[in-house]
Amino acid sequence: MDAERRHAEIRLPQGSWWDWDVVAWNAGQLRLAAGHDLTYHHGLELVFADPALVSCPSNFQDPAFRAPSPDELLRVTRQLGEEPPAVVAFEADAGGPEPGLVPHCRRAT
């Protein structure tokens, strides 16, 4: 399987997914909640099972999910000591100097 297919962008269902928060973040799972305004409720959860490496703020807005760049994939491969089976990347407004946010996971569900 080629790198582009293994590391393809995530396509979200239609909806207003502006606000995002980390709901769970541990060795077994990264769970992100999304909604128009998380003050009231969330209507979407994105769950990554068995993450190998995560680089993600606790809350952010309006992410654009994409395939990782070759440099990002190389950085993750060096950190893990091997190329992971799947890498998911996104950019979002997190209020900091670096707009690029990249969660790296063994597999996504």
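The legends below describe close-up views of one predicted model. Residues are numbered from 1 along each chain as its sequence is written, and side-chain values use heavy atoms, with hydrogens and water left out. In this predicted model, local features need pLDDT of at least 70 and side-chain atom pairs count only at pLDDT 80 or more, while totals for chains, interfaces and linings use all residues.

**View 1. Confidence along the chain.** The mean pLDDT of the protein chain is 77; pLDDT is the predictor's confidence in each residue, from 0 to 100. Helices (H or I, at least four residues) and strands (E, at least two) are DSSP runs, numbered from the N terminus. Over residues 97–109 the pLDDT is below 50. Where pLDDT is low, the predicted coordinates should not be read in detail.

**View 2. Strand β5 and its partners.** Strand β5 (residues 59–66) runs antiparallel to strand β1 (residues 19–26), joined by three bridges. Asp 19 has Gln 61 of β5 as its bridge partner. Four bridges pair β5 with strand β6 (residues 89–93), also in the antiparallel sense, and here Arg 66 stands opposite Ala 89. Two strands pair if DSSP finds at least two bridges between them.

**View 3. A salt-bridge network at Arg 66.** Arg 66, Glu 72 and Glu 91 are linked in a network of salt bridges. A salt bridge is a side-chain nitrogen of Lys or Arg within 4 Å of a carboxyl oxygen of Asp or Glu. The closest N and O atoms are 2.9 Å apart for Arg 66 and Glu 72, and 3.0 Å apart for Glu 91 and Arg 66. Because Glu 91 lies in β6 and Arg 66 in β5, this pair ties together parts 25 residues apart in sequence. Arg 66 and Glu 72 are buried, whereas Glu 91 is partly exposed at 37% relative accessible area. Buried means under 20% relative accessible area, exposed over 50%, and partly exposed in between (1.4 Å probe, protein chains only).

**View 4. The two sides of helix α2.** In helix α2 (residues 70–80), the buried residues are Glu 72, Leu 73 and Val 76. Seen down the axis, they fall within an arc of 100 degrees, so they line one face of the helix; the arc is that of the directions from the helix axis to the C-beta atoms. Pro 70, Asp 71 and Arg 78 are exposed on the other side. Gly 81 follows α2, with a positive phi near 85 degrees.

How values were computed:
Contact means heavy atoms within 4.5 Å.
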